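Trainee: I'd like to learn how to read a protein model feature by feature. Could you walk me through one?

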Amino acid sequence: MGEVLTRRYRLLLLAYPSEYRERRGDELLGTVLDDASPEQRWPSGREAASMLAQGVLARLDAARCRTPGAVWSEGLQMGALLLLGYALAGLVSEFIWDRVWSVQAGITVLLALPGIVATLRSRWIVALVLTTAWLTALLPDHWLSWPLGTAVVALAVLAVRFRSARQPRSVEWLLVAPAVVAMQHGPEPVAVAVVAGFVLTSLIGVALDPRIPIAAACLLVAAALQSTVGFRPFDDTQGSGTRFVFHPMPASYVLLAMVAALFLASHVRSRQLARL
């Protein structure tokens with residue numbers, strides 16, 4: 001019973017920023033557990049609301065402590081993690097649904113896992129090399145993966161512009177990737193719900209944490225390119241070595257407009273918070 005309640009309190013603690021949880025998470029958890037009754041299995045409604053509200057305030061305070069440069073570096077890191085997690089989840093879902101496995105798939109998994117770990121640990125050069133190798137390993141039999149291509153660009157910017165930024169990220173960001181895969185492979189109502197939740201989270205993120213819209217914009221860039229531009233360097237079906245396809249869609253322009261709005265809003269908000 002105590003373990004069940006502890007698990008549920010730990011879920012509420014996710015409302016707090018990772019730095020706060022590392023510093024005071026155990027202390028806060030011990031306090032709420034000491035106040036709980038022996039037969040209690042769920043946090044009370046008032047307690048849950050209080051912890052969520054305090055978590056939001058702690059995130060706002062944490063965001064105010066970051067310079068605009070730190071906001072961009074951490075936002076790009078989060079975006080790269082989303083893209084890598086999405087690409088890995090897509091690879092796993094391809095195996096689960098299509099029952100397709102090959103040596104190439106094994107190689108990409110061996111490149112993907114350490115690449116994600118390197119990104120989590122802020123090892124930009126290592127992550128860039130592994131992600132580029134992952135992308136290259138897929139090219140002989142696949143169209144260019146724009147999520148991986150966008151991740152390569154984000155990691156290159158981090159390696160060149162923010163090489164000294166070393167802020168390890170929490171693995172919880174990877175949990176967004178299966179939701180994005182569900183958007184592609186699930187039924188239409190699921191896809192619509194995921195898109196609506198993603199857009200709403202991004203908009204709330206502008207006020208809550210300016211890193212969130214940067215990460216969301218990275219994912220939207222990949223989605224817009226994936227639906228608009230296709231490139232396959234090794235395609236013998238058309239009688240040539242390469243194949244390039246460009247089919248602009250109104251939705252792609254909407255996505256790119258959202259990307260510009262999210263980047264701009266995040267930049268403005270980060271500068272506002274830096275002046276507080």
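Trainee: Let's begin with the overall fold. How many helices and strands are there in the protein chain?

Mentor: Keep in mind that this is a predicted model. The protein chain has 11 helices and two strands. Along the sequence, the pattern runs α-α-α-α-α-α-α-α-α-α-β-β-α.

Trainee: What share of the residues is buried?

Mentor: Of the 276 residues in the protein chain, 45% are buried. The accessible surface comes to about 14,700 Å², with 67% of it belonging to carbon and sulfur atoms. As for contacts, take those between residues at least 6 apart in sequence: 75% of them join residues at least 24 apart.

Trainee: Which residues in α5 are buried?

Mentor: Among them are Gln104, Leu111, Ile116 and Leu120. After the helix comes Ser122, with a positive phi near 65°.

Trainee: Let's turn to charges. How many salt bridges does the count come to?

Mentor: The general idea is that side chains of opposite charge can pair when their charged atoms come close. Here the count comes to two salt bridges. In one of them, Arg24 pairs with Glu27, and the closest N and O atoms are 3.5 Å apart.

Trainee: Why are Arg24 and Glu27 separated by about one helical turn?

Mentor: Because they are three residues apart in helix α2 (residues 18-35). Arg24 is partly exposed, at 36% relative accessible area, and Glu27 is also partly exposed, at 49%.

Trainee: And the other bridge: how far apart are the closest N and O atoms of Arg211 and Glu74?

Mentor: They are 2.6 Å apart. This pair links distant parts of the chain, since Arg211 lies in helix α10 (residues 211-226) and Glu74 in helix α4 (residues 68-98), 137 residues apart.

Trainee: Are Arg211 and Glu74 buried or exposed?

Mentor: Arg211 is buried, with a relative accessible area of 5%. Glu74 is buried as well, at 7%.

Trainee: Finally, the aromatic rings. What should I look for?

Mentor: A pair of aromatic rings is described by the distance of the centres and the angle of the planes. This structure holds one aromatic pair. A ring can also have a charge over it: the charged end of Arg8 sits over the ring of Trp42, 3.5 Å from its centre.

Key
Residues numbered from 1 in each chain as written. Predicted model: local features only at pLDDT ≥ 70, side-chain atom pairs only at ≥ 80, totals over all residues. Heavy atoms only, no water. Phe/Tyr/Trp six-rings, centres within 6.5 Å; stacked < 30°, edge-to-face > 60°. Lys NZ or Arg CZ within 6 Å of the ring centre and 35° of its normal. Buried < 20%, exposed > 50% of the residue type's maximum accessible area, 1.4 Å probe, protein only. Helix = DSSP H or I, 4+ residues; strand = E, 2+ residues; numbered from the N terminus. Contact = heavy atoms within 4.5 Å. Areas by Shrake-Rupley, 256 points an atom, 1.4 Å probe, with all protein chains shown as cover. Salt bridge = Lys/Arg side-chain N within 4 Å of Asp/Glu carboxyl O.
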